[in-house]
Amino acid sequence: MPGKLSRAAAIVGAAEANEIGFLKQPVTSLQLHIEAIKNLSEQTGVPIAKIEGVFSTGWSSELCEHLGIRPKYIDTTAVGGCSFEMHVHHAMAAIHAGIIDIAVVSHGENGHSAQKIGGRGIANYGLGGGATSPGFEMTAAYGIGGASSNYAHAMVRHMHRYGTTTEDFAHIAKVTRDWATLNPRAAMYSKEKHPFGGPITVEQVESSRMITWPMTILHCCMVADHGGAVMLTSPKIAAGLNTAPVWVAGAGESMGHSNMLEMPDFTATSACHSADAAYTMAGMGPSEMELALIYDSFTITAAITAEMLGLAPRGQGHLLWKEGHAAPGGRLPINTNGGGLSFNHSGMYGMPLLIEAYRQLSGTAEDGVHGDKGKQTNARTCVVNGTGGALSTTGTLVLVSDE
Amino acid sequence: MSYKLPIPAKGTHTQPFWDGTKAGQLMLPRCTDCNRVHWYPRFICPFCHSSDLEWIQASGEGTIHTYAVQHMAFGAWAKEAPYVTAYIDLKEGDRMLTVLRGVDPLRPQDIKIGAAVTVEFEPADDDTHIPFWRLVGE
Ligand SMILES: [Zn+2]
């Protein structure tokens, strides 16, 4: 019997870059990608603007930015030469699932030209495509370094547009630390655990060391060590397990840009789109969320994301923390593990968000590897949002527990 | 030359821009189909997906869209800290990153979003003059 995915999708066109082979005039991998996609569009009559899913070996963010499109499905599986066959498989699954209708699998690799100009490899996610990316070329001269060097520009624009202050955002750091002091596994749990651990005040946040004005170090996440994993199964298998299931009611993804140079609105991320997709899939809305786990790389990230997720009006995300709603005992607990600001952040924080969401919704939060019962919000619904790059890419989940 | 800061590696399609910087001209890519300027230089118009692109000489005028002060920097930039980075809204459209000149990094509150800036070019090596933006009148 054919599998469920059988004939779920068809390949409807195939094209190449304008010139291939041993090119006299060196080309970048990016150019080969873009020419092939343009030719594919002309062949099929499907406008580039209609592409919804982009599959490539690491290039998808760079490609979408270069094309000026906002995808609903981003895949960068890069496991060697068979990646493209896998991309077809993944695209078929995404189409079958109704997430997208039009997918493009793209390849560009200047194996010959790279001997003269470099740049054969995978795009540098979050920074543009490395030395041969025009976005990187036109920003490399200007002293942008760590993530804070970019994100601070968003905070300044938010302050300009909405009249917010650094003190407003400092409340996010303070409240998130309050959560961490309830979680023995949080890096900043206590003074005994870390010299800078334990409770902090808004004044301490304001007066700590300046990293990128207007962000002091306590507006920034830590860089620590973390490992984690989650398992997903079919409902049937889940029913036979001893652990409580937490259901993925909704999921969505999107991106605004790859390089912050291309961020259209510095006070908004693509989380509004990824959340819209996730809420729609779940048949639920922000007012039904009893818990939120939001990537808080910086206080401004948490504030803007809360706005994008519909948890607060535009320009007022910080009030969730400042007015105590997000705090222990508040009406909408946020980042109950202590966040990237005070629990743990290793560089990519998406996994700790999932683990804490599972623990809270399964009634096993927090304190330990085994998920012993501890500090518990009793939430039954949770919105989870990860942000990647320089406020670039977003993935949103709506998770729910069994009634 | 004594330029000590990072010099970008050049792409295969950006030569008109770098040639312009040596002539003291800000060259920007524009789509001949929809007439919109985009920045950074592309292989395709990001607005209408036309491949018919041209270079125009821009005014070199813009305004501050947003900014930040880099107190913690890396590599050659570390000893320049603190310095002000800014995104500049170009008069012709779209946006450019810069290290802003003519401002006091220790008085960031005095820098105004929307303030007028002009471009200038600093020789970095034989092939490269790097554009920087400066507050008008400073
Ligand atoms: Zn155009």
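User: Why is Thr305(A) called buried?

Analyst: Its relative accessibility is 0%. Buried means under 20% relative accessible area, exposed over 50%, and partly exposed in between, with a 1.4 Å probe and protein chains only. Thr305(A) therefore counts as buried. This is a predicted model, where local features need pLDDT of at least 70, side-chain atom pairs count only at pLDDT 80 or more, and totals for chains, interfaces and linings use all residues. Side-chain values use heavy atoms, with hydrogens and water left out.

User: Where is Thr305(A) found, and what does its side chain reach?

Analyst: Thr305(A) is in helix α11 of chain A, residues 299–308. Helices are DSSP runs of H or I with at least four residues; strands are runs of E with at least two; both are numbered from the N terminus. The side chain of Thr305(A) reaches the backbone oxygen of Thr301(A) at 2.6 Å.

User: Which residues is Thr305(A) in contact with, leaving aside neighbours within four places in sequence?

Analyst: Ile294(A), Asn385(A) and Thr387(A). Contact means heavy atoms within 4.5 Å.

User: Leu311(A): buried or exposed?

Analyst: Buried, because its relative accessible area is 11%. Leu311(A) lies in the loop between α11 and α12. Beyond four places in sequence, its contacts include Tyr279(A), Pro286(A), Leu332(A) and Val383(A). Ile294(A) is also among the contacts of Leu311(A).

User: What makes Arg7(A) exposed?

Analyst: Its relative accessible area is 81%, so Arg7(A) is exposed. Arg7(A) sits in the segment before α1 of chain A. Its phi is positive, near 60°, in a residue other than glycine.

User: How do you know whether chain A agrees with a compact globule?

Analyst: For 403 residues, such a globule would have a radius of gyration near 22 Å; chain A has 22 Å, so the values agree. The radius is taken over C-alpha atoms, and the rule is 2.2 Å times the number of residues to the power 0.38. Buried residues make up 54% of chain A.

User: Where are the cis peptide bonds to Pro214(A) and Tyr40(B)?

Analyst: One runs from Trp213(A) to Pro214(A), with omega near 10°. Pro214(A) is in the loop between β4 and β5 of chain A. Another joins Trp39(B) and Tyr40(B), with omega about 15°. Tyr40(B) is in the loop between β1 and β2 of chain B.

Key: Residues numbered from 1 in each chain as written. Chains lettered and ligands numbered in written order. Polar contact = N/O pair within 3.5 Å; in protein donor to acceptor, adjacent residues only side chain to side chain.
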